[in-house]
Amino acid sequence: MPVFTPTELAERLGSGLLSFPVTHFTQDLAFDEPAYRDNIVRLGKYDVAGLFAAGGTGEFFSLTPAEIGAVVRAAVESATPETPIVAPAGYGTAQAVSLARDAEANGADGLLLFPPYLTESSQEGLAEHVRAVCGATSLGVVIYSRANAVFEPETVAALAADCPNLIGVKDGVGNVETLTRIHALLGDRLVYIGGLPTAETFALPYLELGVTTYSSAIFNFLPEFALDFYAAARRGDKARVRRLLAEVVLPYTAIRDRRAGYAVSIVKAGMDVTGFPAGPVRSPLTDLDTDERARLAAIVTRAEAALGDTSTLNTP
């Protein structure tokens, strides 16, 4: 049984920083469950509002349904009761419904519904997809608006009316007007999660739009830094946010942008650099090269130094 009701989950997810743990693999690309469990225990010691098991950073797209179930069970059994575990659902509607039911059976507290696989969809089709998944589970469901599943405000409003267990929207687009319109229609009915790659770069503008939380990939390997950055953004310390952006986050994104798929690969490299190796990425992703890893190691050093220096730039 999940620890959190949908309403409780929404309140919890909106109260703090979120993260998507990487999925650990052995060198022959099998799921390394002992290492994954150890990492969930490690991350659960920090003040994180929720962990999304087998999500995008967790290489959901490369896992079999059986592996997804194993990852979710491992996360649920390793996390503290106070840490909600959100499981993935996605692909076609039948597969998404099956994954949703598996997630509930495996003890997850909620679902993140990824876009349907490959095909373009109408708003009516997307709405039926979400209704089917919400109707198949009692878990709270967060829809992920991105790629071929970008939800219009009116669609989200209709779904919120039809599906009591629809609790949130994760934004992977960054359209200010759309977010503003959704928030104007629904207010606090939903929790709004920033989900653009390296969401720290959008933390301040997200807050202005009523998006109180975001998912931090950096939290995987620099949890103290990620929490410090989030706290600075929430208290409106723009000077510190800009300093951390300039010294750490933007150089990090420069490596991330060098090759498609590096948004995941750079996180696994960061785990290795900081002494918490999680193995390689699975194809079609590729790992960072030696030079890129050295550049990332220098960024990690700057991030750790920034934690010991709480001064801020003299920026208005």
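A cavity here is a set of grid points where a 1.4 Å probe fits but cannot get out. With that in hand, the search of this predicted model can be read directly. Over the whole structure, four cavities of 30 Å³ or more turn up.

Start with the largest cavity. Its volume is about 80 Å³. Ser145, Val150, Phe151, Val169 and Asp171 belong to the lining, together with Val173, Asn175, Thr178, Leu179 and Ile182. Two elements each give two or more residues to this lining: β6 (166-171) and α7 (176-186). Of the elements, α7 gives the most, with three residues. By class, the lining of the largest cavity holds six nonpolar residues, three polar ones and one charged.

Next comes the second largest cavity, with about 40 Å³ of space. Its lining includes Pro65, Ile68, Gly69 and Val72. Ala87 and Pro88 also line this cavity, as do Leu99, Asp102, Ala103 and Asn106. Here the elements that give two or more residues are α3 (65-78), β3 (85-89) and α4 (93-105). The largest share comes from α3, which gives four residues. The class count for the second largest cavity is seven nonpolar, two polar and one charged.

The largest pocket has a volume of about 820 Å³. Its lining has 30 residues, and the closest to the pocket centre are Gly56, Phe61, Phe114, Tyr144 and Arg146. What is the make-up of this lining by class? The lining of the largest pocket divides into 19 nonpolar, nine polar and two charged residues.

The second largest pocket has a volume of about 250 Å³. Which residues lie nearest its centre? They are Ala10, Asp188, Arg189, Leu190 and Val191, out of 16 lining residues. Both α1 (6-13) and β7 (191-194) give two or more residues to the lining of this pocket. The largest share, four residues, is from α1. In the second largest pocket the classes run to seven nonpolar, six polar and three charged residues.

For the second largest cavity, the largest share is from α3. For the second largest pocket, the largest share is from α1.

How values were computed:
Residues are numbered from 1 along each chain as its sequence is written. This is a predicted model: local features need pLDDT of at least 70, side-chain atom pairs count only at pLDDT 80 or more; totals for chains, interfaces and linings use all residues. Side-chain values use heavy atoms; hydrogens and water are left out. On a 1 Å grid over the protein atoms alone, a cavity is a set of points where a 1.4 Å probe fits but cannot get out, and a pocket is an open set with protein on both sides within 12 Å along at least five of seven lines; lining residues have an atom within 4 Å of a point. Grid points are joined across faces, edges and corners, and a volume is the space filled by probe spheres set on the points. Ala, Val, Leu, Ile, Met, Phe, Trp, Tyr, Cys and Pro count as nonpolar, Asp, Glu, Lys and Arg as charged, and the others, Gly among them, as polar.
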